[in-house]
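Dear colleague,

I am handing over the structure below, and the notes after it set out what was found. Please read them with the model open beside you.

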Amino acid sequence: MRNINSPQTEQALLQRANAIAGLTFAELAEELGIIVPPDLKRDKGWVGQLIETALGAKAGSKPEQDFAHLGIELKTIPINSNGYPLETTFVSLAPLVQNSGVDWQHSHVKHKLSKVLWIPVQGERQIPLAERYIGSPILWQPNSRQEQQLRRDWEELMDYIVLGKVAQINGTLGDVLQLRPKGANSRAITKGIGKNGEMIDTLPLGFYLRKEFTAEILQNFLLGK
DNA sequence: CACTGATCATGT
DNA sequence: ACATGATCAGTG
């Protein structure tokens, strides 16, 4: 696999992202010497890692933005033929303990979403993985209304966590941000706060952006907003 | 058929 | 277990 250096400026990153727009996964994978799997069933993160490699993001599991020196997080987003998101977007794990005093301004969610480079990709399963196209990049920062929506949901959801109501949490809570399981499987365990304030074993949860929210980001870009 | 809950791969 | 990258798939 060819090594690609990390872009040193936002402009250079955007230039690279624009350069791969219009390629199929097969075309980009060949350039990079990467094998395209038959489907994503056992390679759910493959598209994200393909784009990371192409744009020079460091691979790995480090808990920081993809382009920390640029303050930019990279996200691929699968869309249908109408340009509408096919999936929610994972943001970060929810802190289920040691979270008293954490406010929105210092939250992982706010930090991760402060600046995101979205790469729309074709995601419909009827299209063979190799033949799916990469779309044009969208560099996004939340506007004041979007940040207010995120903050309101984050604060509501964190209240459940801090007040020992994790057992009452489900994916229906939150207008634009939701909490859903995030782990190897339903047997995954982490520490949380119980209804009497005690430490309990519970399912790890992650913050996800609802499709309606990311759809607005993509739509605003098309409208030149 | 959209959505929530479940799941997969990999590195630390 | 937790962080990265996400999509799968049963069901209301």
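**Salt bridges and overall build**

In this predicted model, the side chains of E73 and K75 form a salt bridge with an N to O distance of 3.8 Å, where a salt bridge is a side-chain nitrogen of Lys or Arg within 4 Å of a carboxyl oxygen of Asp or Glu. Both partners are buried, E73 at 7% relative accessibility and K75 at 15%; buried here means under 20% relative accessible area, exposed over 50%, and partly exposed in between, with a 1.4 Å probe and protein chains only.

By this rule, the count comes to seven salt bridges. One of them joins K115 and E10 at 2.7 Å, N to O; because K115 lies in the loop between helix 4 (108-112) and strand 3 (116-122) and E10 in helix 1 (residues 10-20), the pair ties together parts that are 105 residues apart in sequence. K115 is buried, with a relative accessible area of 18%, whereas E10, at 29%, counts as partly exposed.

Another salt bridge is formed by E216 and R145, whose closest N and O atoms are 2.9 Å apart. This pair links distant parts of the chain, with E216 in helix 6 (residues 211-222) and R145 in helix 5 (residues 144-162), 71 residues apart. Both residues are partly exposed, E216 with a relative accessible area of 23% and R145 with 40%.

As for the chain in general, chain A has six helices and eight strands, helices being DSSP runs of H or I with at least four residues and strands runs of E with at least two, numbered from the N terminus. The radius of gyration, taken over C-alpha atoms, is 18 Å for chain A, close to the 17 Å that the globule rule (2.2 Å times the number of residues to the power 0.38) gives for 225 residues, so the chain is as compact as a globular protein of that length. Along its principal axes, the C-alpha trace of chain A spans about 55 × 40 × 35 Å, and buried residues make up 43% of the 225 residues.

On conventions, residues are numbered from 1 along each chain as its sequence is written, while chains are lettered from A and ligands numbered from 1 in the order in which they are written. Local features need pLDDT of at least 70 and side-chain atom pairs count only at pLDDT 80 or more, whereas totals for chains, interfaces and linings use all residues, and side-chain values use heavy atoms, with hydrogens and water left out.
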